[in-house]
Each structure stands twice: as structure tokens, then as C-alpha cells.
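User: I want to go through a protein model and ask what stands behind each label. Please set values against cut-offs.

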Amino acid sequence: AAAKASGLRGEEDVQRALAKFNKDLVTTSLTRRCLGMVTDIKRHNTGPESFPTLAGSHRRLENPALEFVKAVSHVLALDRHCGDEVIVLRRLLLSELGMREFAREAVWEDPSMSYVLKDTICTYCQACDDLDICRDATLCTGPAEDRWRCRHCSHRYDLAAIELRLVDECNEAITRYQLQDRRCKRCKMVGSSVLSERCPCSGEYALDEPPEAYEKSMRTLLRAATFHGFTWLQETARHALLIEAMDGEGEGE
């Protein structure tokens, strides 16, 4: 028991030492380096043209220095031991950009959407992987001939089969949304009457999948289809969103 207690104390000492090291790292070298990098980015005076348009892009990004500050602060804040130090660093970097700490533009928002195609099998080596068609660098960056290659054997995936799977998943999502139940917000019971606006318990009905979540999913598929050249999937997603073929809405919002 004494040896076990000694081991626990030793582990706690290591954790405290690591937390102190991380705090010192943020307040000293990381602060100096980040301030220098923000100054360098401002000096180059780059704008919206600095941001690539990828399959998951859904925001209009205009200030590279600001996005750098938001990304660094968001990542460093994952360490719960450095919360106060990261707040101070974020405040310093934002003041360097002439922006208030609580400005709406300074709030972190993920710049990329995500859609994971699970259990994708390479027809050559039979390896099975989950592919994020919006974020995976091997699918969205580099020359076109180097994309959609298996990470195990470097052979190209069967894009026709992948598009067919995506279209099937899109159609399943459409059917699931149209056939879903209304559920009472209060008692969580499924509504039995189509015409009733309220549950017998007086609670309001709500859909299991909100319209906003459905629209976001369809727009994600539409952007990915446009980026990767999946015309069948693009047509299916447009139909789900009631977007005319000649209308450019949906890809850039």
C-alpha cells in the first residue's frame, strides 16, 4: 500500500511539473513566437486570396492573421491547465490586430465541414478506411491524379462506386428526414396525431432531426460533390435542397 501511495504521489508530481512546464512555455517562447508570426503575416498584407477553397469550405475568410490567432488559441485551450495563460495570449494577439477580445469576429468557428464515408474498401488491397471527403488532405489537395489513392497501396479508389455510395446515403438521409417522427419536447413521446400541434401533456412537438441539421448535411454533400466532380451526387443534393441546376446557390454559402 505504501509503494502504491508513493507511486501515486510520484505521478501527481510529474503531472504538476508538466502543467508548470506548459504554462511557462505558453507565457514565454510561444507568446514571443506568436507575436512575431502575427507581425509577419500583417507585413505581407495578404487577404482572402490566401485561403484555398476546398470541399469543406463554408465560410468567407478574409484575414489570415486573425484566423491564425483564433486557430492557435483554440488548440492551446485544449490543455485545461493553461486556461488563464491562453486567455492572456489570445488577448495580446488580438490587441496586436486592433480587435477586441469579445468581438464576434474573434470567436472560433471551424472553417471546414466534415462528411465521413465509413468503411471504404480499396478494390486492390482490400484495406478498409474511413474517408473524410471534406477534410482528408489526400482527397482534397495536390494534383488531381494523386487524389483518391489508398494510403496502404497507393492505388486509386473506384470513384464510380464511391459516388454511388454517397448517392445512396444522400437518398437514405432524404427518406429518413421525410419519414421521421414528431416527438414531444416535454414527455418525449412520439406524436400519434398528424394534425395536433401539441401533445396531450401540453408539450410542443419537435422533429427528431431539425430542418437546420438536414439542410447542413445536404449542403455539405453538395459542396463535396461540386469540388470532387460527382455530378450525380450534385444533382441529388440539389434536388433535396430544391436548388435549380442553373443557380449557384448552395456551394458558396
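User: Why is Lys216 called exposed?

Analyst: First, the basis: this is a predicted model, where local features need pLDDT of at least 70, side-chain atom pairs count only at pLDDT 80 or more, and totals for chains, interfaces and linings use all residues. Residues are numbered from 1 along each chain as its sequence is written, and side-chain values use heavy atoms, with hydrogens and water left out. Exposed means over 50% relative accessible area, buried under 20%, and partly exposed in between, with a 1.4 Å probe and protein chains only. Lys216 has a relative accessible area of 52%, so Lys216 is exposed. Lys216 lies in helix α6. Its C-alpha atom is 9.1 Å from that of Met113, 103 residues away along the chain.

User: What makes Thr31 buried?

Analyst: Its relative accessible area is 11%, so Thr31 counts as buried. Thr31 sits in helix α1, residues 2-44.

User: Which residues is Thr31 in contact with, leaving aside neighbours within four places in sequence?

Analyst: Contact means heavy atoms within 4.5 Å. On that basis Thr31 is in contact with Val26, Leu89 and Leu92.

User: How do you know what counts as a helix or a strand, and how many are there in the chain?

Analyst: Both are DSSP runs, numbered from the N terminus: helices are H or I with at least four residues, strands are E with at least two. The chain has 7 helices and 4 strands. Their order from the N terminus is α-α-α-β-β-α-α-β-β-α-α.

User: Why is Cys134 called buried?

Analyst: Cys134 has a relative accessible area of 2%, so the buried label applies. Cys134 is in the loop between β2 and α4. Not counting residues up to four places away in sequence, Cys134 touches residues including Ala55, Gly56, Tyr115, Cys140 and Thr220.

User: What makes a set of residues a nonpolar core, and which members of the largest one touch the most other members?

Analyst: The set must be buried Ala, Val, Leu, Ile, Met, Phe, Trp, Tyr and Cys residues, joined through side-chain atoms within 4.5 Å. The largest such core has 32 residues, and Ile133, Trp148, Leu166, Met218 and Leu233 touch the most other members. Helices α4 (137-140), α5, α6 and α7 each supply at least two residues of this core. The most come from α5, with 7 residues. Apart from this core lies another, of 14 residues, among them Cys34, Leu66, Val86 and Leu89. In soluble globular proteins, nonpolar side chains tend to be buried together.

User: What is Ile133 in contact with beyond its neighbours within four places in sequence?

Analyst: Its contacts are Ala55, Tyr115, Leu139, Cys140, Trp148, Leu166, Ala224 and His228.

User: Which residues of helix α7 are buried, and what do they pack against?

Analyst: In α7, residues 231-241, the buried ones are Leu233, Gln234, Thr236, Ala237, Arg238, Ala240 and Leu241. They pack against α5 (159-178) and α6 (211-228). Just after α7, Leu242 has a positive phi of about 55°.

User: Why is Glu235 called exposed?

Analyst: Glu235 has 57% relative accessibility, so Glu235 counts as exposed. Glu235 is found in helix α7. C-alpha to C-alpha, Glu235 and Glu85 are 49 Å apart in space and 150 residues apart in sequence.

User: Why do Gln126 and Lys188 count as exposed?

Analyst: Gln126 is at 54% relative accessibility, so Gln126 is exposed. Lys188 has a relative accessible area of 53%, so the label holds there too. Gln126 lies in the loop between β1 (116-121) and β2 (128-132), and its phi is near 65°, a positive value in a residue other than glycine. Lys188 is in the loop between β3 (182-184) and β4 (205-207), with a positive phi of about 70° although it is not a glycine.

User: How does the radius of gyration of the chain compare with that of a compact globule?

Analyst: The radius is taken over C-alpha atoms, and the globule rule is 2.2 Å times the number of residues to the power 0.38. For 253 residues a compact globule would be near 18 Å, but the chain has 24 Å. Of those 253 residues, 32% count as buried.
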